[in-house]
Amino acid sequence: MSLIFYLVYQNGKRNRYRESELLPYADREVSIMDKLQSVEFANAESFQKYAYYRLFSESQEGNLFSYQGNKIIFNPFQYKPLLKFLSVDSDERLLIADEVGVGKTIEAGIILDELISRGELKNNDAIMIVCPSILCRKWRAELRSKFLMDDFYIHDGKSLSYMLHEIVETGRVQYRHSIVSEQLFRGEKYQELLKQCLEENGEPIFKMLIVDECHHYRNPGTNTYKIGELLSLGSERVLMLSATPFNLRSDDLYNQLHMLNPALFPELPVFNQLLRQIRNVNQAIANVKKDDAASRNVLINCAKELKPIADANEYVAADFNRLYGKIVTGEILTVKEKVDFERIVNLLNPIASSFTRTLKRDAIEHRVTRETMTLEVHFTPQETDVYHSFLETNLLTRCLAYQSGLLD
């Protein structure tokens, strides 16, 4: 099943609309000129009211409305996904692939908080979080303690079934803010119900979908991937989170980006054509930070590969060529020039608007640290017997496998 949406530029952002939601275009400039010619002017008070209306009714891209309105400790790198999600070229579908410990849950909470503060997500809008069952309570606790969002309901099979049936029958989402385990959602019963929801409504059900540990959805054909596709299709905005490194030589990254935004990443052959450009961008960014001869040679080769692409982009061509000349002639770039080059080259990454990754080392002093400790466990006699029986059974299994040639 496929739904057709129109991408419309509005207030500096791209929004998706069904055809029935669109009205014929009216040229406001012509209307204004007509009023000028007929000398129809408003007074100062009317202008002031209009100015205040525009100020408070429309979000300004450069302002963060939720900043310091929550209980998190400010770490600049955790706002990187938010700024990308709010950017003009965003489809409001983003894969956050930060390293473990950087704080992906907090970053997703910041995006939720900002959208609510801007009025783009309202209290009665449906928000769905899908994560492994072991993380459901963690998500609810984090949103409650750090963002004062205390109405997220963790579903069991009965409540999930009721919610989906209610959507099919009435089109209304009974539980506005939901958390569902991926293990529960992958059941075929819920897939069929979700399909019915989409067929009956013909429009996105959820205003925001967050999928945690999205690398679990990387294999097409599995129930997990199928439910991920359905949830993405039924959602207006999507965040996908994963700490697992992506290998550009496999199809994993494509599969997840296709699930995230099938309109932008429709087919694997098309995506494979972009891989060389993605690799050149990644290598250029990695090597511009280094000053040794080997790194500079790699940087020069990558810059040469990227130059035709940059020249075809009127927004980055001038800035790219200014730094390109210094790189190929062997000049040492200043710290500012390295930062500028990284920013410019990242604009040439075809997945830049849909993908963000922060490494621990890039977080500098704001790095999240985890302390490890050893806990001494004392088994009961019964537990000791079970433990030794397990070791003996495992050893016997491996010996038999070795004898039969299954193990080298």
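Start by selecting Arg322: this residue is partly exposed, with a relative accessible area of 42%. Here, buried means under 20% relative accessible area, exposed over 50%, and partly exposed in between (1.4 Å probe, protein chains only).

The model is predicted, so local features need pLDDT of at least 70, side-chain atom pairs count only at pLDDT 80 or more, and totals for chains, interfaces and linings use all residues. Residues are numbered from 1 along each chain as its sequence is written, and side-chain values use heavy atoms, with hydrogens and water left out.

**Stop 1**

A salt bridge is a side-chain nitrogen of Lys or Arg within 4 Å of a carboxyl oxygen of Asp or Glu. Asp319 is partly exposed too, with a relative accessible area of 31%. Helices (H or I, at least four residues) and strands (E, at least two) are DSSP runs, numbered from the N terminus.

**Stop 2: two more pairs**

Select Arg118 and Glu120. Their side chains form a salt bridge (3.9 Å, N to O). Arg118 is buried at 11% relative accessible area, while Glu120 is partly exposed at 23%.

Next, select Glu166 and Arg172. Here the salt bridge is 3.8 Å, N to O. Glu166 is buried, at 13% relative accessibility. Arg172 is partly exposed, at 48%.

**Stop 3: a network**

Show Glu92, Lys207, Glu236 and Arg237 together. Salt bridges link these residues in a network. The structure holds 15 salt bridges.

**Stop 4: the nonpolar cores**

Now select Leu164, Phe185 and Phe271. These have the most contacts inside the largest nonpolar core, which has 41 residues. Such a core is a set of buried Ala, Val, Leu, Ile, Met, Phe, Trp, Tyr and Cys residues joined through side-chain atoms within 4.5 Å. Among the elements that give it two or more residues are β4 (127-131), α6 (157-170), α8 (188-201) and α11 (268-288).

Zoom in on Phe271. Setting aside neighbours within four places in sequence, Phe271 is in contact with Leu253, Tyr254, Leu257, Phe265, Ile278 and Ile351. Contact means heavy atoms within 4.5 Å.

Finally, select Ile72, Cys131, Cys136 and Met208. They are among the 29 residues of another core, which lies apart from the largest one.
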